[in-house]
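Please read them alongside the sequence and the coordinates shown here.

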Amino acid sequence: MDSKAEKEAAIDFVNTELWRIEGRHLNSAEITVFSGTWDRLSYVEMADQSHYSVDTLRATIGYSLWRLLEKVLEVPISKKNLQLQILQLQQKRLSGETIGNVASTRQPLMIGQHPYTSVFYGREKEKKLLTDAITQKQIILLVGHPGVGKSSLASEAALASEFAYVLWESIHYAPSLSSLVRNLLNHFNHKTSDLLEENISNLINFLKSHKCLVILDAAESLLRQDGRSLNPYAEGYADYGKFWRRLSESSLKSCVVLTSQRPFNDLVRLSNGNKSVQVIKLEGLPINDAKKILDDHRLRGNQYEKLIQTYRGNPLILLLVSSTIRDFFGGDIDKFLSHNTVLMSDVIKEILDQQFRSLSSLDKKVLRTLSNSSEAIDFSTLLGLMKQADTSVTVSDIVQSVESLDERSLIERRSSSTFSVQPLIAKYCKNRSVDNESTK
Ligand SMILES: Nc1ncnc2c1ncn2[C@@H]1O[C@H](COP(=O)(O)OP(=O)(O)O)[C@@H](O)[C@H]1O
Ligand SMILES: [Mg+2]
């Protein structure tokens with residue numbers, strides 16, 4: 001067999017095993033890493049040939065892929081031994097030996113590209129909360145920082161739920177309501193019409209008579225950048241608000257889960273005293289579970305708690321930071337921390353840029369003021385500092401701003417009226433003001 005055919009056979013082999021256990025095939029990101037690794041490319045070379053960054057290839061896609069293959073094939077897999085392990089397994093298979101995880105479990109039919117969660121630590125409480133809500137509610141909003149694990153949790157809960165049919169739709173591309181409703185009907189093999197109203201009624205009737213779980217991932221795309229006003233939606237998306245309301249008022253057998261980086265304030269209002277809507281806020285991982293991510297990267301050092309605290313247990317950021325510590329500090333957490341730095345990689349910056357774009361200029365000023373203080377500040381001190389900088393600003397402006405920042409978890413409440421900013425965000429604000437100064 002030539003080397004190209006050999007690689008294709010390896011991908012087929014992996015796809016077959018993956019299908020059996022996980023009910024899916026390798027996605028295009030995974031194929032990029034698998035194929036590059038098979039061809040003995042470095043992550044830097046793979047990044048040159050694809051649209052992924054080195055960080056993403058290594059820390060997110062590669063890392064999860066090796067854990068996934070280990071789970072499915074039940075042998076240790078790494079970038080170094082991939083080819084050898086797969087060739088050996090193919091041999092075994094040819095000679096009739098059973099391999100891998102044969103006890104396949106009952107899993108719902110998952111339609112759409114849901115994230116794989118081959119590694120998923122902790123979250124028992126949140127998973128129970130979400131699976132319970134899925135059976136009891138009609139609309140659930142799962143909200144939290146980018147990278148905190150919303151999509152992974154939703155996917156885990158979907159797999160554990162009693163729903164036999166799960167439709168996963170990422171709406172990061174901000175579809176109009178009419179195109180979303182049409183897409184959903186198409187997925188259900190239901191006929192569509194040119195009239196939005198008719199399509200919505202058909203969809204609601206379908207969801208009333210069928211039991212399926214619809215997950216709309218990355219729903220923050222529907223929100224306006226400055227989500228301050230009563231209407232949270234971006235221009236042209238206000239009809240979503242009415243749509244959720246209609247869903248919440250129909251007795252559905254189905255359930256719709258939205259994941260979002262920012263709260264939908266209309267859903268938050270609806271969830272108060274409404275039996276069919278629930279909002280779940282997701283925070284970072286507790287120390288013990290976050291430590292497992294560090295252990296996976298074979299990091300060592302006494303100050304792991306401090307490291308986890310610095311990044312507030314955000315699994316995506318910990319994955320990124322861990323691979324840097326492994327690659328540049330020999331895996332030594334204490335050595336990394338001795339530089340007294342908060343790591344700001346391109347990916348982390350991109351995540352924070354996204355969040356920053358949705359802030360008003362006053363919000364940014366409040367964040368900057370809080371970031372400049374090494375300690376938590378109480379509200380009246382903050383007010384004084386803000387007034388010093390701009391005499392026209394009012395108390396209610398600042399109250400609103402603090403509430404909005406608090407809602408987005410960009411600031412932390414130390415007591416009822418004392419606030420601070422987590423180190424990563426403080427560093428980001430400082431860098432930004434330096435950038436702004438230097439471009440002036
Ligand atoms: N509980 C967890 N244990 C281990 N890794 C996790 C956990 N939750 C999330 N991750 C990892 O963190 C990264 C970000 O998770 P994701 O669900 O995409 O976050 P979000 O949807 O909130 O942006 C992914 O690589 C995911 O595998
Ligand atoms: Mg997500």
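**Notes on the model**

1. With 9 C-beta neighbours inside 10 Å, Arg298 counts as exposed, because the limit for that class is 12 or fewer. The model is a predicted one, and in it Arg298 has a phi near 55°, a positive value in a residue other than glycine. Arg298 belongs to the loop between helix 12 (287-296) and helix 13 (304-310).

2. A positive phi, of about 55°, is also found at Glu74, which is not a glycine. Glu74 lies in the loop between helix 4 and helix 5 (82-94).

3. The domain assignment divides the protein chain into domain 1 (3-94), domain 2 (109-281), domain 3 (287-349) and domain 4 (359-439). The C-alpha centres of domain 1 and domain 2 are 31 Å apart. Contact between these two domains involves seven residues of domain 1 and five residues of domain 2. On the domain 1 side, helix 4 supplies the largest share, four residues. By residue class, that side of domain 1 consists of one nonpolar, three polar and three charged residues.

4. Which residues come nearest to ligand 1? Of the 21 residues around ligand 1, they are Gly149, Lys150, Ser151, Ser152 and Pro315. Two or more residues of this shell are given by each of helix 4 (54-73), helix 7 (150-160) and helix 14 (315-328). Domain 2 (109-281) and domain 3 (287-349) each contribute at least three residues to the shell. In composition, the shell around ligand 1 has 11 nonpolar, eight polar and two charged residues.

5. The largest nonpolar core has 58 residues, of which Leu69, Leu318 and Leu370 touch the most other members. Helix 4 gives this core its largest share, 10 residues. Apart from this core lies another, of 46 residues, which includes Ile139, Ile171, Leu222 and Leu267. As a general matter, nonpolar side chains tend to be buried together in soluble globular proteins.

6. Leaving aside neighbours within four places in sequence, Leu370 is in contact with Ile377, Leu382, Ile411, Phe419, Ser420 and Val421.

7. How many residues of strand 5 (residues 255-260) are buried? Six of its six residues are, and the strand is described as mostly covered. Both faces are covered: Cys255, Val257 and Thr259 are buried on one side, and Val256, Leu258 and Ser260 are buried on the other.

8. Strand 5 has parallel pairings with two strands, taken here in turn. Strand 2 (residues 139-143) runs parallel to strand 5 and is joined to it by five bridges; in this pairing, Leu141 stands opposite Leu258. Strand 4 (residues 213-217) also runs parallel to strand 5, with four bridges between them, and here Ile215 is opposite Val257.

How values were computed
Residues are numbered from 1 along each chain as its sequence is written. Chains are lettered from A and ligands numbered from 1 in the order in which they are written. This is a predicted model: local features need pLDDT of at least 70, side-chain atom pairs count only at pLDDT 80 or more; totals for chains, interfaces and linings use all residues. A residue is near a molecule or strand if its C-beta atom, placed from the backbone, lies within 6 Å of it. Ala, Val, Leu, Ile, Met, Phe, Trp, Tyr, Cys and Pro count as nonpolar, Asp, Glu, Lys and Arg as charged, and the others, Gly among them, as polar. Domain bounds come from an automatic or database domain assignment. A residue is buried if 20 or more other C-beta atoms lie within 10 Å of its own, exposed if 12 or fewer, and partly exposed in between; C-beta atoms are placed from the backbone. A nonpolar core is a set of buried Ala, Val, Leu, Ile, Met, Phe, Trp, Tyr and Cys residues joined through C-beta atoms within 7 Å. Two strands pair if DSSP finds at least two bridges between them.
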